[in-house]
Amino acid sequence: MKVVIVGGVAGGAGCAARLRRNDETAEIIMLERGEYISYANCGLPYYVGGVITDKEALQLQTPERFHSRFRVDVRTGSEVTAVDTEKKTVTVKHGDACYEESYDKLVLSPGAAPVRPAIPGMEKNRVFTLRNIPDTYRIYDFVKEQKPASCAVIGAGFIGLEMAENLAEQGIAVSVVEGAAHVMPPIDMDMAHGVHNYIRAQKMNLYLGQTCTSMDENGVVLKDGSHVPADMVILSIGVRPDTGFLKDSGICLGQRGEILVNEYMETSAADVYALGDAVSVKHVVSGETVLIPLASPANKQGRIVGDNVSGKRVAYRGSQGTSIMKFFDMTVAVTGMKEEALLAAGRPYRKVITTSASQAGYYPGGEMMTVKTIFEPDTGVILGAQIVGGKGVDKRIDDLANAVRFGLTGCQLQEMELAYAPPFSSAKDPVNMAGYVIENVLEGTMKPFYVEDVDSIPADTVKLDVRTEEECAGGMIPGFVNIPLDSLRERMGELDLSKTIYITCQIGLRGYLAQRILEQNGAETCNLSGGYRFYQMMEQDKKAMAAVAGMCTACGMEVK
């Protein structure tokens, strides 16, 4: 059996290795357009930032080592320009020469290419994208040799923010420009407020709802006409499947050029498989066909395709977009569907916002994390989760990712027996706590309202803050009155129990306790999910966004 694999890195190289483990007699040819067949693409920003200092560490396998171990005919600098599924051949360009290579089985792992729109004036500035090792070296060399003072990062997804961090670590003044209303597309706006505030706290300029309309030698011009100084520009506005060479192949492609595959990673053409960033797969939660260009799914798909090419019948069960990002000392992680996507799909859901410490409160060094858990309103099945915090976020998102993958409920989150010792967690882990709150919501003992509801609280209600007087002295939601929780029973006569009472505390726990007291005394109540802490994040972000908008519209004034 002769197998041709188009593309290396996680998917293609992983498939080749698995195939060889399954079949020692197969002839395996890997055609890679670039110089490198297997590299740590997720680690590329950290070479720019000086965290990774060894160039060789980025290259996980050389063609020579790969051939020595797996006996794969690795051909770098070999670009596949066409596929003929009837003749079962691929056309390969190597330098100035072109040739045809036949196959019995073909595996397509071409990956995705950075979106690079034709922006007027691009040629006047130094514009970079980051997708592979040569891109990394170009950025690194430019920073070291030209010593730019400022950079505009266009696009605030994972790669954009990781690049922003690593360029800032090199002493460069960074401005982040994002066309959407908030950074990081996989999370919701309410969870993004804290990320926005943290970006600004790193002395970065942040422009939301803005696109770059042109460039000049001194920076970029935004759609509102303001000018952001930049000695270099990082374009990080997304990727698209790199499948132009399949145009006349007869292989079915989607609207964005993605390769359409079934659950066995088979394309519409016989004996042709596809995997990685160029394919669409089923979303575990929505059931819809989506593009999820992440390394972990690509690795899994590579193994599955290696099995199926060998004659097995292994299905890929779908992706859920579990991902995580380090941004200085902040960690942002997500899994499953977000609220914005569920709203757009018209799918019913409920949500809770919980705040927990990464470890026991009495053990030094703990950090707070905000957890948003989204679930089905009737069953409590977990649909998605987002976490913003510091230490311990990675552990909790993995627990919640398994909950999404295997259809666990909020009650089953409570039942998870998770590792506990004071340096690592509390006896009630943040994941358990989310489960407890979900159960309370489903049972009706916790009746939540949310930060986006604050401005629309009906006038004929009572607004109650049950934090301490000292806490309230540092700020309150307008219109709320303070009765500390520990005084509530004695001072209940100050409240009109015939009216709905909207309650807040710092993170939601004391508000829930107040809710239970008042409900059992005949009141109707709502408790602010996430509490004043979450509300304060939103208000701080709104004020900063308003200030930036005001600066940008002031007489064409240049933003410093």
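Strand S25 (residues 330-336) and strand S28 (residues 382-389) run antiparallel and are joined by six bridges. The model is a predicted one, in which local features need pLDDT of at least 70 and side-chain atom pairs count only at pLDDT 80 or more, while totals for chains, interfaces and linings use all residues. Residues are numbered from 1 along each chain as its sequence is written, and side-chain values use heavy atoms, with hydrogens and water left out. Helices (H or I, at least four residues) and strands (E, at least two) are DSSP runs numbered from the N terminus, and two strands pair if DSSP finds at least two bridges between them.

**Antiparallel sheet**

- Threonine 335 has alanine 385 in S28 as its bridge partner.
- S25 and S28 belong to an open sheet of five strands with antiparallel pairing, in the order S24-S25-S28-S27-S26.
- Strand S24 (323-327) and strand S26 (350-357) are at the edges with a single partner strand each, so one side of each has no neighbour in the sheet.
- On average, neighbouring strands of this sheet are turned by 15 degrees against each other, direction ignored.
- Helix H10 (residues 393-405) packs on the sheet and touches S24, S25, strand S27 (368-375) and S28; contact means heavy atoms within 4.5 Å.
- The direction of H10 makes about 175 degrees with that of S28; axes are lines fitted to C-alpha atoms, for helices over the stretch in contact, and angles run from 0 to 180 degrees between N-to-C directions.

- Threonine 373 lies in strand S27 and counts as buried at 0% relative accessibility; buried means under 20% relative accessible area, exposed over 50%, and partly exposed in between (1.4 Å probe, protein chains only).
- Apart from neighbours within four places in sequence, threonine 373 is in contact with Arg350, Lys351, Val352, Ile382, Gly384, Ala385, Ala434 and Ile438.
- Asparagine 440 is in helix H12 (residues 430-443) and is buried, with a relative accessible area of 15%.
- Not counting residues up to four places away in sequence, asparagine 440 touches Thr445, Met446 and Tyr512.

**Parallel sheet**

- A second open sheet has five strands in the order S29-S33-S32-S30-S31, and its pairing is parallel.
- Its edge strands, strand S29 (448-449) and strand S31 (481-482), each pair on one side only.
- Strand S30 (residues 462-465) runs parallel to S31 and is joined to it by two bridges, with leucine 464 opposite valine 481.
- Helix H15 (residues 509-519) packs on this sheet, touching S30, strand S32 (501-504) and strand S33 (525-528), and its direction makes about 175 degrees with that of S33.

**Other strand pairs**

- Strand S12 (residues 150-154) and strand S13 run parallel, joined by five bridges, and valine 153 stands opposite valine 176 in S13.
- Five of the six residues of S13 (residues 173-178) are buried, so the strand is largely enclosed by the rest of the structure.
- Strand S15 (residues 212-216) pairs with strand S16 (residues 219-222) in the antiparallel sense over four bridges, and cysteine 212 is opposite leucine 222.
- The hairpin formed by S15 and S16 has two residues between the strands.
- S16 also pairs with strand S17 (residues 227-229), in the antiparallel sense over three bridges; glycine 219 stands opposite proline 229.
- Four residues lie between the strands in the hairpin of S16 and S17, where glycine 225 has a positive phi near 95 degrees.

**Helices**

- Helix H1 (residues 9-22) and helix H8 (residues 295-309) pack at an angle of about 35 degrees, and their axes are 7 Å apart.
- The residues in the contact of H1 with H8 are seven nonpolar, six polar and four charged; Ala, Val, Leu, Ile, Met, Phe, Trp, Tyr, Cys and Pro count as nonpolar, Asp, Glu, Lys and Arg as charged, and the others, Gly among them, as polar.
- Among the H1 residues that meet H8 are Gly11, Gly14 and Arg18, and the H8 side includes Gly302, Arg303 and Asp307.
- Helix H7 (residues 189-201) has 13 residues and spans 18 Å from its first C-alpha to its last, close to the 18 Å expected at 1.5 Å a residue; the expected span is 1.5 Å times one less than the number of residues.
- Eleven of the 13 residues of H7 are buried, so the helix is largely enclosed by the rest of the structure.
- Lysine 203, which follows H7, has a positive phi near 65 degrees.
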